[in-house]
Amino acid sequence: MKGEALSPLLRVRDLSVALPQGADRRFAVEGASFDLAGGEILCVVGESGSGKSVLSSTIMGAAPAGLRVLSGSILFRGNDIVRMGEAKLRRLRGNQIAMVFQEPMAALNPAVKVGEQIEEVFTLHSRLVPRERRQRVRALLADTRLADPDRIAKSYPHQLSGGQCQRVVIAMALAMQPALLIADEPTSALDVTTQAQVLKLMRELRDEHGHAVLFITHDFGVVAEVADRVAVMQAGRIVEIGDKRAVLDAPRHPYTQKLIAAVPRAEPRPSSALRPDAEPSLEIVHLAKTYRVGGQKVTALKDASFALDKGRTLGIVGESGSGKSTLARVAIRLTAADRGSVRVAAVDLAKLGGKALARARRKMQMIFQDPYGSLNPRHSIGSILTRAGKLGGKPGSAARESAIELLHLVGLKPEAFARKPHEFSGGQRQRIGIARALAMNPEVVFADECVSALDVSVQKQVLRLIADLQARLDLTLVFITHDLRVAAQVSDFIAVMRQGEIVEFGAAEEVLKRPHHPYTRELIAAAPGRDWTPPALETLET
Amino acid sequence: MLHFIARRFLVLLATMLAVSFVVFAALELNIEDVATHVLGQFATADQRHLWLAENGYYDPFLYRYLRWLMHFLIGDWGRSIHFKEEVTTLIPYYLKNTAMLAGISLAVMTPLALLLGVLAGMREGSALDRMISFFAIATTSIPQFASAVFLSGIFVFWLHLLPGASPMTSGFAWRELVMPVLVLVLAGTGYLTRMTRASMVEVMSSAYVRTARMKGNSFARVVLRHALRNAMVTPVTVVMLYIPWLLANVVVVEVFFAYRGFGTLLYTASLQHDVFLIEGCTMVAVVAVVSTQLFSDLAYVWLNPRVTFDAPSEKTAGAAA
Amino acid sequence: MKTFGALLRSPSALFGLAVGAVALMTALFAPLLAPHDPLQTITPLALPGSVAPDGSHLWLGADFLGRDILSRLIWGTRTVLLWSSLSTAASFSVGVSMGLLAGYYGGKLDTALSFIANTLLAFPVTVLYIIIITSFGASGANIVIAVTFASAPGVFRIMRAIALDMRNRDFVAAAITQGESALAVMGREILPNAVTPLLADLCLRLGYTAITVGVLGFLGLGLPPPTPDWGGMVAEGKNMAIAFPHLVIFPCIAISLLMLAMSLLSDALQQIAKGSSRA
């Protein structure tokens, strides 16, 4: 106890967590050592599978099932969590160490009012009487800047928005004024404007209460926004740790350099010269779609119109529910439009049906968001691509040959031909999805959030591949994304959507540098880490 | 909410109407058969013809159906050929006996199955879980006539504890109820246990249970306070659906133990080709099934605040989401 | 093939497969395996292990008509398996095709088909059997019809739910945008993904149908008498079971074992289906 004043709040030493046998590596976390001082925000950043989430739950004394701590120690105020009994851990959790999770809606019990869920923390860790508890709940909700805390306290989680739920979860975590808050990707499931508010809130609360935060994230923009210090994890190891400025602006470890180099810049790409002879390749005119949900009409798409020249890229940007995916699905006629027309190379698809539609729609292909869901798990890659070729009008042997060519084109080995989708990584599957779209020889390609499920380094490769193919095949591209930085990288034009409406449309440079609509300004301001310009590290890239 | 109930109720009425048509068509489309069943095998063709003419059987089929339906609605269900009594007086007596048998079985089965299901599901893959799961599969696998044989072998012939039949000829006897209840409970508990277990497993792996753990709750408190309420939604709605299950399954049990209930009545009616009694029994059974389905849907909506009232109730889909 | 490999790794599935295989062999080779003619009276009622007048052993005894119980049990396997697989096959052809159409097309077609299914589901199953068998008479073909009416709506609902789910998957969307025909989307994209869950249901239904054939036999609504049939054997021996339990106990064990095997197999398949949908 004597050394407590000197030792930091949290001291992790040589921590190794073993994965079950048969996993792709032996350790989820390997030899991790770091200190966290009171009041400090340490961001642990890494790609999927880097072990950052296992690290956070191990510090809570709750390593995921099947994983066990092999060696090392986690000293919290001098007590080793690794060797702590269940009863002692329970007194710590929610009391001195609290946690905030990724999916705020799922993290709250759907059958219990949120006020009662916060109150439970006091029931567990304090001797407050019910009236005092309720007062504290109210104060906590007000503390997290929730308007009308009394109403919120009486609500069930499904009656609140994702951002409100995350504030409730934060209020619950801070109930006992813990010394350490562990936040595991707390804003990844939120829209960008909500994310900005929650990040701001988390910093402010830290300033008010002085607790330390261990913040797990995959997003360097978020790191730039909230961190004091940064630890970078790769395959279970902490490869670099240091002050935020040092790590972000002058990364020393090659892996950190590679990650930062892959972060998309918010700078618009130089727009290529317009070709005066260009014909519009895609024309969308007064397209509208209304859904009926529970007797109520929901306008998913309101009178969208634009034209796009051959070989150009339009980025469609918007938050969830803005109608950007509906626009794509209606345009390629996966869903019938209420009104409006879609013309591809001057052919109006809305007027076609049956065989003619089946033929014409091949001119317009889609690359889907979820690389896991967009390939039929029952078919081999070869059979998927060959089938696409046959549908595109090629005879059997030619379809097979072109399938192998396509694999080569998207950077996959010919061995991939006989394999099933589950044998590939997310990035590779997305390449297969691209190959399938190209097998039809399309004129226009819609890409719906096609890189948002990918890690940042893979994301960069896939974006490069798409740009490459577009230039080579003179494709017209409609690129749908929630991420302004990605849109900036790929687009000639940008359309901003909100509540089913295109609120702003223009050349990418115009929209990003001189936004007209207030919502566009809000979006740009909310992009995490916009004050940080990643250093130019292109030369170090592998 | 009201809109939802009204819509479900309309669907219920439509189903009933369709069912009544199917039943009528199956049993009375062939009028020669009806006459044979009513008058017996030894009636002459002329007698049958006369009877058919007298009772309006030569009217068009649709007209006959509508007339039958009207009579049915005002409570004129015809006379049983075999029992020589009004169908409407026969059914309530037998139904009451079955209600008692089914009610006691449900009262034993439900708490037992919920308890076993929760115990198995709270720690997926534990020894207790595997034991209970196997027990559940094994008991549901034994057909009731077989478990009636096995249980009779043990309790009646070997241990001489209970009577082997339950006709209740000399008044009501508790001892005679035990065997039929036992057979029904053995057959029914397994399925409900497995449903409860599956629901519990899903809830225990949910994010909010993890949140509850990370708040400092003990395992017992997590199970009791956070998991149970959510895990009970599906099984409680399934319990309702046991009423039709029991109605279908009492036939074997009642016949085996000669218990004078709804199942025996229907069975006797079918052996005797007692057309009007079969119609009456079937309609009663269908009303019971359809209304329990409605109650089950309502219970699901009531227990699960997230369900939108207008969404078509797809239990499996709702539970999975 | 992957599914089959996973089955071989589960002990309970192996048990199910083994029992199923033994039952199938018994049914196929009944004439070779049965020591006696199942319909021929060879002795007065005899206890298990007695010796027939012709000197042969009656391992499981003889029934009240003096027929060898073991032989009836063996031939009964053929009856039970034949009619339950025919009935299940019929239920699946109807249920799967209707479910695919309803789930894929949705709209009015779905409403109509679902209404028919729900109407049939409104009958307690035994009631449905009783009505159908009373109106059409007791025969093998009518058992198939009755089971199809009772069982197809269940299969329909499973297939429809899968098709509804798959319809919103991106790989189906991809197939549609490539101009794949509706039939090809259903056959190539949706159906292959329904195989494992359908197989799980198939096993369970095969078992339940075997029980149904037994129950109908037990109630006297099944195949007409001298046919050797497990349920019928129980029905015939029920009244003498107090004195001679061997009359009923063996067919009961046989059908319980078969059902247990099918349940375990189905359970294992469901686990596999769940596992692959998670991955």
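K513(A) counts as partly exposed because its relative accessibility is 42%, where partly exposed is the class between buried (under 20% relative accessible area) and exposed (over 50%), with a 1.4 Å probe and protein chains only. This is a predicted model, in which local features need pLDDT of at least 70, side-chain atom pairs count only at pLDDT 80 or more, and totals for chains, interfaces and linings use all residues. Residues are numbered from 1 along each chain as its sequence is written, chains are lettered from A and ligands numbered from 1 in the order in which they are written, and side-chain values use heavy atoms, with hydrogens and water left out.

**Exercise 1. Salt bridges within chains**

Solution. 

Step 1. E509(A), with a relative accessible area of 37%, is partly exposed.

Step 2. D219(A) and R485(A) form a salt bridge whose closest N and O atoms are 3.5 Å apart. Because D219(A) lies in the loop between β8 (212-217) and α9 (220-226) of chain A, and R485(A) in helix α18 (residues 484-490) of chain A, the pair ties together parts that are 266 residues apart in sequence.

Step 3. In chain B, R67(B) and D59(B) meet in a salt bridge of 2.8 Å, N to O; R67(B) is partly exposed at 26% relative accessible area, and D59(B) is partly exposed at 28%. Over all chains the structure holds 40 salt bridges.

**Exercise 2. The interface of chain C and chain B**

Task: Determine how many residues each chain gives to this contact, and which element of chain C gives the largest share of its side.

Solution. 

Step 1. With contact taken as heavy atoms within 4.5 Å, chain C gives 40 residues and chain B gives 43. The two chains bury about 3500 Å² between them, 77% of it on carbon and sulfur atoms; buried area is the accessible area (1.4 Å probe) that two parts lose on being put together, summed over both.

Step 2. The rule finds 1 salt bridge across this interface, and R194(B) and D267(C) meet in a salt bridge at 2.5 Å, N to O.

Step 3. On the side of chain C that touches chain B, two or more residues come from each of α5 (107-121), α6 (125-136), α9 (182-218), α10 (230-237) and α11 (246-278) of chain C. The largest share, 12 residues, comes from α11(C).

**Exercise 3. The interface of chain A and chain B**

Task: Find how many salt bridges cross this interface, and which helix of chain A gives the most to its side.

Solution. 

Step 1. Here 23 residues of chain A are in contact with 18 residues of chain B, and the buried area is about 2000 Å², of which carbon and sulfur atoms give 59%.

Step 2. There are 3 salt bridges across the interface, and E120(A) and R221(B) meet in a salt bridge at 3.0 Å, N to O.

Step 3. At least two residues of the side of chain A that touches chain B come from each of α2 (86-92), α3 (104-107) and α4 (114-125) of chain A, and α4(A) gives the most, with 5 residues.

**Exercise 4. The two domains of chain B**

Task: State how many salt bridges are counted between domain 1 and domain 2 of chain B.

Solution. 

Step 1. The domain assignment, with bounds from an automatic or database source, gives domain 1 (2-73) and domain 2 (96-303) of chain B, whose centres, taken over C-alpha atoms, are separated by 34 Å.

Step 2. These domains bury about 1600 Å² between them, 83% of it on carbon and sulfur atoms. In domain 1, M16(B), L27(B) and H37(B) lose the most area to domain 2, together 30% of what that side buries.

Step 3. The count of salt bridges between the two domains is 0.

Definitions and conventions: A salt bridge is a side-chain nitrogen of Lys or Arg within 4 Å of a carboxyl oxygen of Asp or Glu. Helices (H or I, at least four residues) and strands (E, at least two) are DSSP runs, numbered from the N terminus.
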